[in-house]
Amino acid sequence: MHHIQNEILVSLAGRTPLRFTELKPPTVPNNTFSYHLKRMIETGYITGDSNGYSPTRKALKVIE
C-alpha cells in the first residue's frame with residue numbers, strides 16, 4: 001500500500017468521518033491525493049458520502 005494511502009487510513013482511524021480538506025496533507029497535490037482516495041474507495045478500504053470519508057471493516061483490519 002502506498003504511503004499516502006497509509007496516511008489516509010491512520011487519519012481515519014483517529015476520527016471519522018473526515019472531509020477531503022481534513023484528510024489531505026498540505027504537501028500533497030490535489031490530483032495525487034484524489035487519485036489515492038479514489039483507489040481506496042474502489043478497493044473497499046474507505047467509503048465516502050456527504051458527511052465525509054470513513055474506513056470500512058477491511059481498513060480497520062489493516063490498521064490493526
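E42 and R39 lie 3 residues apart in helix α3 (residues 30-42), which means about one helical turn separates them. Helices here are DSSP runs of H or I with at least four residues, strands are E runs of at least two, and both are numbered from the N terminus. The side chains of E42 and R39 form a salt bridge, with N and O 3.0 Å apart. The term salt bridge calls for a side-chain nitrogen of Lys or Arg within 4 Å of a carboxyl oxygen of Asp or Glu.

How open are the two partners? E42 is exposed, at 58% relative accessibility. R39 is partly exposed, at 34% relative accessible area. The classes are buried (under 20% relative accessible area), exposed (over 50%) and partly exposed (in between), with a 1.4 Å probe and protein chains only.

## Basis of the model

This is a predicted model, in which local features need pLDDT of at least 70, side-chain atom pairs count only at pLDDT 80 or more, and totals for chains, interfaces and linings use all residues. Residues are numbered from 1 along each chain as its sequence is written, and side-chain values use heavy atoms, with hydrogens and water left out.

## Overall build

The protein chain has 4 helices and 2 strands. Along the sequence, their order is α-α-α-β-β-α. The C-alpha atoms fill a box of roughly 30 × 25 × 20 Å along the principal axes.

How does the radius of gyration fit a compact globule? For 64 residues, such a globule would have a radius near 11 Å; the protein chain has 10 Å, which agrees. The radius is taken over C-alpha atoms, and the globule rule is 2.2 Å times the number of residues to the power 0.38.

Of the 64 residues, 31% count as buried. The accessible surface of the protein chain is about 4,300 Å², and carbon and sulfur atoms hold 50% of it. These areas come from the Shrake-Rupley method with a 1.4 Å probe; for residues, only the protein chains shown count as cover. Among contacts between residues at least 6 apart in sequence, 51% join residues at least 24 apart. Contact means heavy atoms within 4.5 Å.

## The other salt bridge

How many salt bridges are there? The count is 2. Besides the E42 and R39 pair, R15 bonds with E22 in a salt bridge, and their closest N and O atoms are 3.3 Å apart. E22 is partly exposed, with 43% relative accessibility.

## Rings and a charge

The chain holds 1 aromatic pair. F20 and F33 form it edge-to-face, with centres 5.2 Å apart and planes at 75 degrees. F20 belongs to helix α2 (residues 20-23) and F33 to helix α3, so the pair links distant parts of the chain, 13 residues apart. Rings of Phe, Tyr and Trp (its six-membered ring) pair if their centres lie within 6.5 Å; planes under 30 degrees apart are stacked, over 60 edge-to-face, and the rest tilted.

F20 is partly exposed, at 24%.

A charge also meets a ring. The charged end of K58 sits over the ring of Y45, 4.5 Å from the ring centre. This requires NZ of Lys or CZ of Arg within 6 Å of the ring centre and within 35 degrees of the ring normal.

## L23 in helix α2

L23 lies in helix α2. L23 is buried, with 6% relative accessibility. Beyond its neighbours within four places in sequence, L23 touches I8, S11, L12, L18, F33, L37 and Y53. L12 is 11 residues from L23 in sequence, and their C-alpha atoms are 8.0 Å apart.

P17 sits in the loop between α1 (3-14) and α2. The peptide bond from T16 to P17 is cis, with omega near -10 degrees.

Both T16 and P17 are in contact with S54. S54 is placed in strand β2 and is partly exposed, at 22% relative accessibility. P25 is 29 residues from S54 along the chain, with 17 Å between their C-alpha atoms.

S50 is in the loop between β1 (46-49) and β2 (52-55). S50 is exposed, at 61% relative accessible area. From S50 to R39 the C-alpha distance is 18 Å, across 11 residues of sequence.
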